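Me: I would like to understand how the words used for a protein model follow from its values. Could we go through it step by step?
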Amino acid sequence: MKITIIGAGNVGTALARGWAKAGHEISIGVRDVDTFKDKDLLRDKNISVENIPGAIERGAVIVLSVPPGAVPSLVKYLKGAAEKIIIDPTNAFRSGLEGFETAFDALRNLTECKHIVKAFNNTGFENMANPGGLDTFVAGDSERAKEVVRQLAKDLGFANCYDFGGSDKAGLLEQLGLCWINLALMQSMGRNIAINVLKR
Ligand SMILES: NC(=O)c1ccc[n+]([C@@H]2O[C@H](COP(=O)([O-])OP(=O)(O)OC[C@H]3O[C@@H](n4cnc5c(N)ncnc54)[C@H](OP(=O)(O)O)[C@@H]3O)[C@@H](O)[C@H]2O)c1
């Protein structure tokens, strides 16, 4: 699958490496290709880097792994992306965004995209790079997008990707991400913890 990842930070590079390893074609969209530093990432033949409009054009799935406050500035690039799957992994932790509670709300209000989901926000990037045995979640109204995310979670190595509900549950899923941050960072449990579903 052709996957575009906007933002080559902690989350973007963890997802890029994991999906490239599973055989997906990854295009990383950055603000300035010339100053892109992570040349090591490009040793993987399945990963390329380009400018943001070019990367968005290429992908069937677009992951916005940027600070939530940056999401409204990316809306202009999503004009031709109504049918593409848009994944929002953001958590408004250190920085929020003006006018909306979440980046997911901003995307729903400011774009025509029909397949927006919240996913890959409930754990740290280190866990995303090594998710064996861990659970993850997806929220949104598009069944097609959820099906694709479930497969992509499996391709990364997550044990389960549970349906967290519709778009009305995206904010709650973000809160789950903030719960992980609270336990891992504020309560000093460490970034190697994860929130899993235990069935008894
Ligand atoms: N870190 C985690 O463990 C974790 C876990 C779950 C969810 N998340 C969420 O995932 C998102 C990314 O987190 P991260 O840790 O990967 O952040 P990060 O390491 O700081 O990387 C953020 C990336 O976004 C890019 N960026 C910033 N503003 C941009 C803009 N206006 N247009 C295009 N690109 C822009 C940055 O590019 P430049 O280099 O050009 O500045 C950078 O590559 C955040 O929303 C965070 O809440 C993080």
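Reply: Let us begin with a term: a nonpolar core is a set of buried Ala, Val, Leu, Ile, Met, Phe, Trp, Tyr and Cys residues joined through C-beta atoms within 7 Å. Please keep in mind that this is a predicted model. Its largest nonpolar core has 52 residues, and those with the most contacts inside it are Leu64, Ile87 and Val149. Helix H6, residues 143-156, gives the largest share of this core, with 6 residues.

Me: Which residues is Ile87 in contact with, leaving aside its neighbours within four places in sequence?

Reply: Contact requires C-beta atoms within 7 Å, and with those neighbours left aside Ile87 is in contact with Val61, Ile62, Val63, Leu64, Val117, Ala119, Phe120 and Val149.

Me: Why does Phe120 count as buried?

Reply: A residue is buried if 20 or more other C-beta atoms lie within 10 Å of its own. Phe120 has 28 C-beta neighbours inside 10 Å, and therefore counts as buried. Phe120 lies in the loop between E6 and helix H5 (125-129), and its phi, near 55 degrees, is a positive value in a residue other than glycine. Most residues other than glycine have a negative phi.

Me: Why does Ser188 count as exposed?

Reply: Here the cut-off is 12 or fewer, and Ser188 counts as exposed because it has 7 C-beta neighbours inside 10 Å. Ser188 lies in the segment after H7, and although it is not a glycine, it has a positive phi of about 60 degrees.

Me: What span is expected for helix H7, and what does it reach?

Reply: Helix H7, residues 170-186, has 17 residues, for which 24 Å is expected at 1.5 Å a residue; from its first C-alpha to its last it reaches 23 Å, which is close to that value.

Me: Why are the buried residues of H7 said to line one face of the helix?

Reply: The buried residues of H7 are Ala170, Leu173, Glu174, Gly177 and Trp180. Seen down the axis of H7, they fall within an arc of 105 degrees, so they line one face of the helix. In general, an α-helix has 3.6 residues a turn, so residues three or four places apart point the same way. What covers the buried residues of H7 includes helix H4 (103-110) and strand E6 (115-119).

Me: How many residues surround the ligand, and which are the closest?

Reply: The ligand is surrounded by 24 residues, the closest being Gly7, Gly9, Asn10, Ala70 and Thr90. By kind, the shell divides into 12 nonpolar, 11 polar and 1 charged, and H1 gives the most to it, with 3 residues.

Methods. Residues are numbered from 1 along each chain as its sequence is written. This is a predicted model: local features need pLDDT of at least 70, side-chain atom pairs count only at pLDDT 80 or more; totals for chains, interfaces and linings use all residues. A residue is near a molecule or strand if its C-beta atom, placed from the backbone, lies within 6 Å of it. Helices (H or I, at least four residues) and strands (E, at least two) are DSSP runs, numbered from the N terminus. Ala, Val, Leu, Ile, Met, Phe, Trp, Tyr, Cys and Pro count as nonpolar, Asp, Glu, Lys and Arg as charged, and the others, Gly among them, as polar. Two residues are in contact if their C-beta atoms, placed from the backbone, lie within 7 Å. The expected span of a helix is 1.5 Å times one less than its number of residues. The arc is that of the directions from the helix axis to the C-beta atoms.
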